[in-house]
Amino acid sequence: MSRLSPSQVPVLIPMDLMVEASPRRVFANAHTYHINSISVNSDEETYLSADDLRINLWNLEITDRSFNIVDIKPANMEELTEVITAAEFHPHQCNTFVYSSSKGTIRLCDMRASALCDKQSKLFEEPEDPSNRSFFSEIISSISDVKFSHNGRYMMTRDYLSVKIWDLNMESRPVETYQVHEYLRSKLCSLYENDCIFDKFECCWNGNDRIGFYFIEGAYKLQQSSFSIAHVPFSFPPPPPPSVVMTGSYNNFFRMFDRGQRRDVTLEASRENSKPMQVLKPRKVCAGGKRKKDEISVDSLDFNKKILHTAWHPQDNIIAVATTNNLYIFQDKVN
C-alpha cells in the first residue's frame, strides 16, 4: 500500500481590500486635445466626448470611429478666440445637447438641424456689467461646468466666482445667481499669479428639481340621479423636498444653495472633522473687519486645498467631494 500524503487545509490570510478597474472597451484616436467632458445620451446607444475644439458622437458598440458634430477649430490657429470647456446631453431629448465656452457663452444645439452643429439653436449669454469690467473679466467668466437639471427645464453653469441657473426658455440672462466665493474678487491678482484663477470647479444638482410648486388635483363625480356634480374633498400634498445645488471652493470648502428658501451653507471636508457619524459644522469666511468666533479670515485660506469635483446621489442625500488625493462621502443626518 502506498503511503497517503498529509492533507493540506487552506489558510485564510487577511489582506487589505484591493479595487481595480479594467476597461471593457477602449475608444481611441478621435481627439487631439485633452477630453474635458463625456456625456451618455438618453437613447442609451450613443454618447459624446468633447475636447477644447471638437465634440464627437460615438456609438457605445463601435469603438473605432465617431462622428464629429462640433468643430470650432479655425483654419489659422492664431485666430482662435475661445475653446470648449464642457458639454452635456439633454436628459430626455436625445437630439439636444449643450456646450459651454471660455467666453462665458452656452450653446444649445439640435442634431436634427444638420450633421455638423456649427450653428446653435439657442445662445445663452449674460451681458457684462461695465462697472465690473477688469483685466480678469474674461478669465473669471469662463464656464468650467454645465449641467442640465433632472427634469430638463433648467441648466446650471459654474464660472470662477458664481453658480448660475438658466431657464431654457430665456436666453438673455440667468434666472438665479449664487455667489460662491465673492470675497475672492479682491484677491484676483494674486490668484492670477499662482494660476488658481484657472481652476475648473464642477457643480451638481441634488435629486430634486422642484422649488416648492404644487400641482393641485381635485376629484369630481357625477351623480346620475340628479345630474348634479359633487366635489370630493382633497388635501394639499406634503411640500416637496428642497432643490439644492452644490459646488466646491478653496480651503476644502464646499457650498450648498437651497433654491427654494434662498439659503446657503459652507461646509468643510477634512480628515479632522470627518470621523464617522460626526455632524459637519457650517463655516464662515471673514472678508474684512473684525473676525468673529469660528470665522476664518480670507487671508488664511489655503488655495492648495480645493474641491474641484462634486457629485450628488440621484435619489438619496448622499454626496461625494474630491480634494487632491482624498475622496469624502457624506450622508444626510439620520434622525
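Reader: How many cavities of 30 Å³ or more are counted in this predicted model?

Author: The count in this predicted model comes to one cavity of 30 Å³ or more. The space in the largest cavity is about 70 Å³.

Reader: What makes a space a cavity and not a pocket?

Author: A cavity is a set of points where a 1.4 Å probe fits but cannot get out, whereas a pocket is an open set. Rolling a probe the size of a water molecule over the atoms shows where empty space is left.

Reader: Which residues line the largest cavity, and of what class are they?

Author: The lining consists of I139, S142, S144, D159, Y160, I197, F198, D199, K200 and F201. By class, five of these are nonpolar, two polar and three charged.

Reader: What is the volume of the second largest pocket, and which residues are closest to its centre?

Author: The second largest pocket holds about 690 Å³ of space. Its lining has 27 residues, and E126, E128, S141, D159 and K164 are the closest to the centre.

Reader: Why is D167 called buried?

Author: The relative accessibility of D167 is 9%, and buried means under 20%, so D167 counts as buried. D167 is found in strand β11.

Reader: What makes the approach of D167 to N169 a polar contact?

Author: A polar atom of the D167 side chain lies 2.9 Å from the backbone nitrogen of N169. The cut-off for a pair of N or O atoms is 3.5 Å, and 2.9 Å falls within it. Leaving aside neighbours within four places in sequence, D167 is in contact with F124, R153, Y154 and V175.

Reader: How many aromatic pairs does the structure hold, and why is the pair of Y47 and W58 called stacked?

Author: The structure holds 17 aromatic pairs. Y47 and W58 have 6.1 Å from centre to centre and 5 degrees between the planes. The centres lie within 6.5 Å and the planes are under 30 degrees apart, so the pair counts as stacked. Distant parts of the chain are linked by this pair: Y47 belongs to strand β2 (residues 46–50) and W58 to strand β3 (residues 54–59), eleven residues apart.

Reader: How do you know whether Y47 and W58 are buried or exposed?

Author: Y47 has a relative accessible area of 9%, and W58 has a relative accessibility of 3%. Buried means under 20%, so Y47 and W58 are both buried.

Reader: What makes the pair of Y328 and F330 stacked?

Author: The ring centres of Y328 and F330 are 6.2 Å apart and the planes are at 5 degrees, so this pair is stacked. Y328 is buried at 8% relative accessibility, and F330 is buried at 14%. Aromatic residues also form a cluster, made up of F135, F136, Y192 and F198.

How values were computed
Residues are numbered from 1 along each chain as its sequence is written. This is a predicted model: local features need pLDDT of at least 70, side-chain atom pairs count only at pLDDT 80 or more; totals for chains, interfaces and linings use all residues. Side-chain values use heavy atoms; hydrogens and water are left out. On a 1 Å grid over the protein atoms alone, a cavity is a set of points where a 1.4 Å probe fits but cannot get out, and a pocket is an open set with protein on both sides within 12 Å along at least five of seven lines; lining residues have an atom within 4 Å of a point. Grid points are joined across faces, edges and corners, and a volume is the space filled by probe spheres set on the points. Helices (H or I, at least four residues) and strands (E, at least two) are DSSP runs, numbered from the N terminus. Buried means under 20% relative accessible area, exposed over 50%, partly exposed in between (1.4 Å probe, protein chains only). A polar contact is a pair of N or O atoms within 3.5 Å; within protein, one must be able to donate a hydrogen and the other to accept it, and residues adjacent in sequence count only if both atoms are side-chain atoms. Contact means heavy atoms within 4.5 Å. Ala, Val, Leu, Ile, Met, Phe, Trp, Tyr, Cys and Pro count as nonpolar, Asp, Glu, Lys and Arg as charged, and the others, Gly among them, as polar. Rings of Phe, Tyr and Trp (its six-membered ring) pair if their centres lie within 6.5 Å; planes under 30 degrees apart count as stacked, over 60 as edge-to-face and the rest as tilted.
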